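Here are some quick notes to go with the model. Have it open while you read, and take the points one at a time.

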Amino acid sequence: MLVLSFQGWFQARFAQDPDSPEDPRGVSGPTFVVPGEPVFDRIIRLNDFVSPRYPRLATDGVRVTAVAIDNVQQNAHPLLGARVDLLDGPIFHQRNFIVVKLNFQSPIDPFHLRIAAQGITIQRKDLIDPAHPTYTFKDVFMNDQLVARRGNQIAIQSLVVAEATGFMNYAEVRAQRLAELQQLLAKTIDPTQRAALEKRILSIENDEYFTGEKLAARQFLGMQATYGFSINGPYVIDDPGGQLKGKVGTSQDWPISFWMGGYDVDTLFGYIQGTLSVPFFTSS
Amino acid sequence: MNLPGQNTIQTRDELIYLLTEAAALEHSLTCQYLFAALSLKRDTSEGLTDEQMNDVANWERFILMVARQEMEHLGLVNNLLTAIGASPHLLHDNFPYPTQLYANVMALECFSEQTLRRFICFERPANVRPEDAYCMLTPVPPPDGLGGPTPVNIKSVGELYEIISSGFQQLTANGVNLFIGPPKAQVTPQELMTYFPRVGTTGGVWDIWLSPITDYESAQHAIELIVEQGEGSTVGGTLSHYATFVRILKGLQSWQAKDPNFQPARPVVPNPALYVESGEHDRTLITNEDARLVLDLFNGAYETMLLMLIRFFANTDEGPTGLGEMAALAFSPWMTMVIRPLSEVLTSLPAFAAGGPQRAGPTFEIYHDLHFLPHERAAWQVIFERMREMAAYALQISQRPNVPERMKSVAESLRLIAVRFQGDMKLT
């Protein structure tokens, strides 16, 4: 078995309730666009971020951080440091309780994972309904089994998230961010950038008035959504030069397990950590 | 019976009467605040600078929060009605209409200094003089030709709740067995999906706190919450609706002083209407064809929401599944994915067939008595058929060339809601 562990910051720019998730700019929820940014597109990005905000301006995306083959850690492997991406514009589906009924349930669809480095590509799409390969989440949302498979477990005030993100005290994170943004504003001359910082500062200062939003902002910092399923659909395996030194199994599903959490409503970034297990037969 | 005009409550009926007035008032304020908030401009392409747009978006955020809390008050008042054995009240007069309150008119008007002054008057704390809160000092005379009880002679929202609170106190002291209604027919955080634990609280999502009413203490707690949040707080704290509107007014005046051409709101016509009777001069008939279609859909969606809410609050034979489903759809999905987006589409559409800058807006019109649908499965079927019809209608509207792209997602939301409702309730 080839086990690829990955982690890093992801970006998801979308409005949250009581806004509609399709709201292009965010008004009454905890997330919003600021001057100079394009409207929300809801897409979950593991790389190639759109208008990243301080302190995520130079954030690397999601990478493979460990490789194991048959339980043996590989210290030098071509996929160490490989880029991990979700293709085809995935979004969190919830639609304010229309397509999922439980709080904090957010299936991701489409789910099309790609890991690539040094000319190697390992890529596979999960079919939400294998019997109907073109179906999307909206086609199957009434099928509890299919939805549950792609659903998530929720934990709040997660230890794992705290240690991965550094968000150890949620109120302090917000207070510290406010101070940093104010310092940044004092040094910023460009009017659009100033307006962008002022809007973020105002939002945190509004914690004084919006108790619900303050609690939501803090809660998301510590929330962990854990997903686990086996990727079952069409694949791409590209290994010119045989750098993997083995054969990837494609008749079998590939189990993936990951969590996403520590979502910061100020930066619109969260953290992801997980493993992809790929059937692998080592060449002798 | 001691008539309510004498401002004392001595019977359950009188308490029901005043709570019904309170419910109509909270509903009316919700509509007025939503109208003003949703008339605000959306982005700098509408002629505002980034700085101005930051403030305008912030004002909208605050007014929507106030509107949510008015919905919370409507929920609490209906909980109070249910708790004392009465039926819920979810109707209001069509706008505009006169009121005995100092603001003197209930009207749908776009965001402006005049509108904010009216809102400030509505939310005036008891220790602020009416003239200092922009209230009209010449009261509207009561209507003639009464065939029923004398209307309540109450000048402020705070006064209304003071009398209601005293009524609960008096009737309880008199030994009346007030709390006879079923707790399960009340809105609580469970129905709104806001009851989840986190540090410091289990509620407060969206800045609304709902609680069931089961006894005298919980009834008074609900009334105190309503008053504290804004309808007549004696101190008008910084979190109150009064203080919020005063802050917004100061912000607006500050921008106007810097830039006399500052226009934060779209030119939404006052008191828009889909239908106007001959002789009615205070309502603005919407004549643009696209706007009329969207408005027709909006009014249908609004009515359907009210039917769901009436069924929820007045449920008789509903099992947990039915109650849960009604609540699950009527609140977050319907309000945030249908009502509000349709309102926003309306304010982007022209009001008149002849063109011009004026925009349409949501009317919250109710054309006929909305009755409680009394039989569970029949009620669900009626509501489902309305949903299905609206989904098809929305799809047709979304395909018209001059209708905003956003209509497509509203149509999709309506379709998905109908699919969910049909599946969950096993309807044909």
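**Notes on the helices, the chain contact and one residue**

1. Start with two helices in chain A: A:Tyr170, A:Ala171, A:Val173 and A:Arg174 in α4(A) meet A:Ala217, A:Arg218, A:Leu221 and A:Gly222 in α6(A). Two residues are in contact here if their C-beta atoms, placed from the backbone, lie within 7 Å. By class, this contact has five nonpolar, one polar and two charged residues. Ala, Val, Leu, Ile, Met, Phe, Trp, Tyr, Cys and Pro count as nonpolar, Asp, Glu, Lys and Arg as charged, and the others, Gly among them, as polar.

2. A word on where this comes from: it's a predicted model, where local features need pLDDT of at least 70 and side-chain atom pairs count only at pLDDT 80 or more, while totals for chains, interfaces and linings use all residues. Residues are numbered from 1 along each chain as its sequence is written, and chains are lettered from A and ligands numbered from 1 in the order in which they are written.

3. How do α4(A) and α6(A) pack? Their axes are 9 Å apart, at an angle of about 110°. Axes are lines fitted to C-alpha atoms, for helices over the stretch in contact, and angles run from 0 to 180 degrees between N-to-C directions. The two helices are therefore roughly perpendicular (65 to 115 degrees).

4. Now hop over to chain B, where α9(B) (residues 332-346) and α11(B) (residues 406-425) pack at about 155°, with axes 10 Å apart. That makes them roughly antiparallel (over 145 degrees). Among the residues of α9(B) that meet α11(B) are B:Met337 and B:Leu342. Sorted by class, this contact has ten nonpolar, one polar and one charged residues.

5. What does each chain bring to the contact between A and B? Chain A gives 31 residues and chain B gives 35 residues. The largest share of chain A's side, six residues, comes from α5(A). Helices (H or I, at least four residues) and strands (E, at least two) are DSSP runs, numbered from the N terminus.

6. Last, look at B:Pro272, which sits in strand β3 (residues 272-273) of chain B. Is B:Pro272 buried or exposed? B:Pro272 is buried, because 27 other C-beta atoms lie within 10 Å (buried needs 20 or more, exposed 12 or fewer, and partly exposed is in between; C-beta atoms are placed from the backbone). Leaving out residues up to four places away in sequence, B:Pro272 touches several others, including B:Leu108, B:Ile286 and B:Thr363.

Methods: Parallel < 35°, antiparallel > 145°, perpendicular 65-115°, else oblique.
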